[in-house]
Amino acid sequence: MPAESPRVYATRGLPGEALGELAERARLSVWPGPGPPSPAALRDAVGEAEGLLCLLTDRVDAALLAAGPRLRVISSCSVGLDHVDLAAATARGIPVGHTPGVLTETTADLAFALLLAAARRIPEAERFVREGRWTPERAWEPDLLLGRDLHGACLGVVGLGAIGRAVARRAAGFGMRVLAWSRTRREAPGVEWRTLPALLAEADFVSLHVALTPETRGLIGAEELAAMKPGAILVNTARGGIVDEAALARALRDGRLAGAALDVFEREPLPPDSPLLALDGLVVVPHIGSASLATRARMARLSVDNLLAGLEGRPLPHCANPEVYG
Ligand code: DGY
């Protein structure tokens with residue numbers, strides 16, 4: 001590797017071939033894990049780096065940028081960028097890359113899987129079998145594990161971006177009526193527009209697909225949960241900070257909501273003593289919205305493409321702060 005090759009720091013190994021190819025074009029160091037580097041380890045590591053390849057578990061704030069005076073590009077292997085201080089990067093003229101598009105369908109698949117799991121009580125039914133409660137006396141009971149139908153029901157999509165639209169398409173295929181609300185009004189085939197309060201009051205299922213920003217933090221709080229149709233089910237594959245978890249736990253405990261299915265949490269990993277874990281009717285998975293082999297390899301490829309473009313002085317294929325280009 002020529003001494004003049006740029007130095008790149010990656011905060012984790014990534015699935016697929018992309019990092020190997022990056023290693024042929026840059027002096028690449030990879031945090032060995034397990035888990036993410038601590039903020040202090042990351043600050044030390046970026047000291048000499050011209051490129052940073054990070055994940056959503058790495059806080060990229062003004063202090064980190066100050067510790068990396070040579071940084072010329074930041075590329076996150078994620079579509080969400082709530083872990084990056086975009087304004088601080090822009091102020092330094094550093095383009096920030098992310099991975100929209102490639103994970104849309106995979107994340108919509110998980111939202112739908114969670115919708116079905118909560119509606120038909122799949123995790124509860126699985127526990128029932130595994131825990132030996134499916135006994136000859138209960139071989140088939142008319143009222144065992146009764147759930148909700150998706151067909152004929154109404155889905156409210158909160159956030160009609162690419163993932164929200166992909167969920168709406170799936171819902172139409174399941175014979176659901178689809179309502180949507182976004183901060184910016186958008187149209188999509190077969191989708192009826194509503195205000196957020198009207199959507200919450202009418203939908204049997206609500207699925208969240210807005211980015212986490214200062215405006216959407218706590219978007220679904222006690223008041224919004226109380227405004228939901230009694231017996232509704234909430235699905236969140238967006239970001240935990242969009243929902244007030246304590247208020248959600250109360251709404252489930254009071255029986256106001258029939259269930260919820262969450263891939264994302266205010267604090268990740270979800271602490272084992274979280275009150276959420278004590279609630280029936282709650283389905284939890286560990287932030288796996290984009291976790292398919294093919295999609296993670298595509299995310300890695302796109303984040304390496306963004307990084308190489310930045311190092312070579314080209315516009316990033318997916319830049320979240322294009323204003324750095326003037
Ligand atoms: C993202 O990319 O922002 C998802 O939350 C993880 O795939």
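Reader: Which residues have the most contacts inside the largest nonpolar core?

Author: The largest nonpolar core holds 35 residues, and V158, V206, L225, L234, L248 and L257 have the most contacts inside it. The model is a predicted one, where local features need pLDDT of at least 70 and side-chain atom pairs count only at pLDDT 80 or more, while totals for chains, interfaces and linings use all residues. Residues are numbered from 1 along each chain as its sequence is written, and side-chain values use heavy atoms, with hydrogens and water left out.

Reader: Why is this called a nonpolar core?

Author: The name is used because the set consists of buried Ala, Val, Leu, Ile, Met, Phe, Trp, Tyr and Cys residues joined through side-chain atoms within 4.5 Å. Buried means under 20% relative accessible area, exposed means over 50%, and partly exposed is in between (1.4 Å probe, protein chains only). In soluble globular proteins, nonpolar side chains tend to be buried together.

Reader: Which elements give two or more residues to the core that includes V158 and L225?

Author: In that core of 35 residues, the elements are strand 6 (154–158), strand 7 (177–181), helix 8 (196–202), strand 9 (205–208), strand 10 (232–236), helix 10 (245–253) and strand 11 (257–262). Helix 10 gives the most, with 5 residues. Helices (H or I, at least four residues) and strands (E, at least two) are DSSP runs, numbered from the N terminus.

Reader: What does L225 touch?

Author: Contact means heavy atoms within 4.5 Å. Leaving out residues up to four places away in sequence, L225 touches I220, L234, D244, A247, L248, A251, R256 and L257.

Reader: Why does C54 count as buried?

Author: The relative accessibility of C54 is 0%, so C54 counts as buried. C54 lies in strand 3 (residues 51–54). Its contacts, leaving aside neighbours within four places in sequence, are T11, V60, I74, S75, S76, C77 and H83. C54 and H83 are 29 residues apart in sequence and 9.8 Å apart from C-alpha to C-alpha.

Reader: What makes L145 partly exposed?

Author: The relative accessible area of L145 is 22%, so L145 is partly exposed. L145 sits in the loop between helix 6 and strand 6. Phi of L145 is near 50°, a positive value in a residue other than glycine.

Reader: Where is the peptide bond cis, with omega near -5°?

Author: That bond runs from G33 to P34, and P34 lies in the loop between strand 2 (27–30) and helix 2 (39–45). The peptide bond from E268 to P269 is cis too, with omega near 0°. P269 lies in the loop between strand 11 and strand 12 (282–284).

Reader: How do you know that the protein chain is as compact as a globular protein of that length?

Author: The chain has 11 helices and 12 strands. Its radius of gyration is 22 Å, close to the 20 Å that the globule rule gives for 326 residues, so the chain is as compact as a globular protein of that length. The radius is taken over C-alpha atoms, and the rule is 2.2 Å times the number of residues to the power 0.38. Along its principal axes the C-alpha trace spans about 75 × 45 × 35 Å. Buried residues make up 48% of the 326 residues.
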